[in-house]
Amino acid sequence: MRQLQLIAHGEPSDVIELNTVSEPALGQEDVLISMEAAPMNPSDFLFVRGMYGVRPAFPSSVGAEGVGRVAKIGSKVDAALRGKRVLILPTYEQGTWADEVVVPVRNLVPMSDEADPLQLSMIGINPATAYLLLNRYVSLMPGDWIGQTAANAAMGQYIVALAKLAGVKTLNVVRRDEAAEQVRQWGGDRVVLQGENLHKDIEEALDGKKLSLVLDMVGGTPVGELAKSLKPGGSIVVYALQSGQFPAVSPGDLIYRGLSLHGFWLINWIRNAPRIEIKEVYQKLGDLVADGSLSAAVEQVYPLDQFKEAFKQSLQSNRSGKILFKFGATDETDRG
Ligand SMILES: NC(=O)c1ccc[n+]([C@@H]2O[C@H](COP(=O)([O-])OP(=O)(O)OC[C@H]3O[C@@H](n4cnc5c(N)ncnc54)[C@H](OP(=O)(O)O)[C@@H]3O)[C@@H](O)[C@H]2O)c1
């Protein structure tokens, strides 16, 4: 089977090779998955560069999430799983950028045969994170407002969709005009551009209303400007640092207005939550993908052997959507 392998930390195209490896022996509770689709996420590239919270031994398989079909099962695995489409949980125990992957059965969640495998392949990381960010920190009621940075990201699209389903309104910050238009088309209630007058623009967009929750993946000043529009006692959750700058939230806002600042990492939830809760969340998200309520924009798909082109495109700013590997009979580059 062919597998992308990480041989050292560094720039993705320099340190990842496509190798043919022999099929590993299946343990009693393992399953061999024939992959259908696997996305590239910013966290995959942090992992490759040695900047992520999980460090591999080399050579390492790579790729955190994806979907495929069960091709072979270990002796203690339920035979009903054979041929089923399954989501591979992003536990970092297996790499999904490969034609076939051996996965312990506890790391799989069955998914619908009818839903789009490209969309299903992306629910392991971003939709689960969006769902938990919206549900863990404050009790949001219909009509409440939340604010978020980099709203045109895949994460932003999921947050807008899940907030909408709950009747919650979104104030979205982006850094480009085209991105603002995209977020409006997804149903973002208000969209403002990052810039010198950000606080004034946020206040005008909110027209007297206050935010209950701020979700930040950028760092630097935008999150601090959003925090100024939080209700007293509101929460800020930082889940990434795309600008590389620390979140500039005023200590005065934290102290005098009782705001709370939290950090979130999905892997802690996957490691610590009961498997039954984890599977319930993914089944709910899988159902939302299947009925069309939840999706992320796809810019392009690639076959595995074009990984260098795929990485280059995935690492570019100003994309209109995600870049994914697509496997199998339709293993060819196309627009998603
Ligand atoms: N903590 C967790 O558990 C967790 C879970 C899921 C995701 N994440 C993180 O969430 C982030 C988004 O993931 P994704 O898959 O949604 O990414 P994505 O679709 O690739 O989008 C990346 C976003 O970051 C924006 N961006 C990049 N550099 C920026 C900068 N310097 N200033 C402002 N915006 C900037 C991009 O804006 P442009 O389009 O304008 O370039 C784009 O909106 C990643 O950092 C990912 O690792 C964390």
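**Exercise 1.** Which strands each supply at least two residues of the lining of the second largest pocket? Describe this pocket.

*Solution.* The model is a predicted one.

Step 1. The strands are E4 (60–61) and E7 (100–104), each of which gives the pocket lining at least two residues.

Step 2. The space in the second largest pocket comes to about 230 Å³. Its lining consists of 19 residues, and those closest to the pocket centre are Gln 3, Ser 61, Glu 93, Gln 94 and Gly 95.

Step 3. Sorted by class, the lining of this pocket holds 11 nonpolar residues, 7 polar ones and 1 charged one.

**Exercise 2.** Work out how helix H4 is placed against helix H5, and list the residues that meet.

*Solution.* Step 1. H4 covers residues 126–136 and H5 covers residues 154–165; the two pack with their axes 9 Å apart, at an angle of about 50 degrees.

Step 2. Angles of 65 to 115 degrees count as roughly perpendicular and those under 35 degrees as roughly parallel. The angle of about 50 degrees therefore makes H4 oblique to H5.

Step 3. H4 and H5 cross in a right-handed sense.

Step 4. On the H4 side the contact uses Asn 126, Pro 127, Thr 129, Ala 130, Tyr 131, Leu 133 and Leu 134, and on the H5 side Ala 154, Met 155, Tyr 158, Ile 159, Leu 162 and Ala 163. By class these residues are 11 nonpolar and 2 polar, with no charged residue.

**Exercise 3.** Repeat the analysis for H4 and helix H11.

*Solution.* Step 1. H11 spans residues 275–290, and H4 packs with H11 at an angle of about 110 degrees, the axes lying 10 Å apart.

Step 2. This angle makes H4 roughly perpendicular to H11.

Step 3. H4 contributes Pro 127, Ala 128 and Tyr 131, while H11 contributes Val 281, Tyr 282, Lys 284 and Leu 285. The contact of H4 with H11 has 6 nonpolar residues, 1 charged residue and no polar ones.

**Exercise 4.** Find the cis peptide bond and the residue other than glycine with a positive phi, and place each in the chain.

*Solution.* Step 1. Most peptide bonds are trans, and most residues other than glycine have a negative phi.

Step 2. Phe 58 and Pro 59 are joined by a cis peptide bond, with omega about -10 degrees. Pro 59 belongs to the loop between helix H2 (42–49) and E4.

Step 3. Ala 150 has a positive phi, near 45 degrees. The loop that holds Ala 150 runs between strand E9 (145–148) and H5.

Conventions
Residues numbered from 1 in each chain as written. Predicted model: local features only at pLDDT ≥ 70, side-chain atom pairs only at ≥ 80, totals over all residues. Heavy atoms only, no water. 1 Å grid on protein atoms, 1.4 Å probe; cavity = no way out; pocket = protein on both sides within 12 Å on 5 of 7 lines; lining within 4 Å. Points joined across faces, edges and corners; volume = space filled by probe spheres on them. Helix = DSSP H or I, 4+ residues; strand = E, 2+ residues; numbered from the N terminus. Nonpolar A, V, L, I, M, F, W, Y, C, P; charged D, E, K, R; others polar. Axes fitted to C-alpha atoms, helices over the stretch in contact; angles between N-to-C directions. Parallel < 35°, antiparallel > 145°, perpendicular 65-115°, else oblique. Left-handed = near helix turned anticlockwise from the far one by under 90°. Contact = heavy atoms within 4.5 Å.
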